[in-house]
Amino acid sequence: MSVERTLTIIKPDAVQASHVGDIVKMFEAGGFKIIAARLVRLTKRKAEGFYAVHRARPFFESLTEFMSSGPALAMVLEGENAIAHLREVMGSTDPAQAAAGTIRKLYAQNIERNAVHGSDGPETAAFEISYFFPGIELT
Ligand code: CMP
């Protein structure tokens, strides 16, 4: 077990539907400490840079349109095994597959408009944290 930091984004669908408070409450109930937070309105280009690893996927254009469609809340969360733990609290990418009680089961609309993002590993977390919070310490 080690203390880690991870990047989450409460996506435009969840901000639009006024689920920010409920989702932050689930982060806090899950034991995460909020280290930083920024309400952002991504440009298409900034969304494309963030999801660059998915650039060849068929959903890339639609995903980056969606992510730049309205305000989103980017946050750095800290806790024991924060990267894996956040992914458990979020649930599967596709809400139809997500376990009961997870954020995506409760608040996601579909596999694309899925309420939250969470880093999928230590290297991604380092890239994603610095993408939104340049200069912040990673641990
Ligand atoms: P996220 O965890 O932010 O990482 C990549 C995102 O791409 C994912 O959540 C979804 O929003 C989106 N995504 C993943 N798979 C699909 C898919 N098959 N169709 C549409 N969007 C997807």
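**View 1. Confidence along the predicted protein chain, by helix and strand.** In this predicted model, mean pLDDT (the predictor's confidence in each residue, from 0 to 100) is lowest in helix α7, residues 122-132, at 97, and highest in strand β4, residues 116-118, at 99. Helices (H or I, at least four residues) and strands (E, at least two) are DSSP runs numbered from the N terminus. The chain average is 97, and 99% of the residues score at least 70. Residue numbers start from 1 along each chain as its sequence is written. Local features need pLDDT of at least 70, side-chain atom pairs count only at pLDDT 80 or more, and totals for chains, interfaces and linings use all residues, while side-chain values use heavy atoms, without hydrogens and water.

**View 2. Residues around the ligand.** The shell (a heavy atom within 4 Å of the ligand) consists of Lys11, Tyr51, His54, Phe59, Leu63, Thr93, Arg104, Ile111, Glu112, Asn114 and His117. Four of these residues are nonpolar, four polar and three charged.

View 3. Taken alone, the ligand exposes 460 Å², of which the protein buries 80% (Shrake-Rupley method, 1.4 Å probe).

Key:
Nonpolar A, V, L, I, M, F, W, Y, C, P; charged D, E, K, R; others polar.
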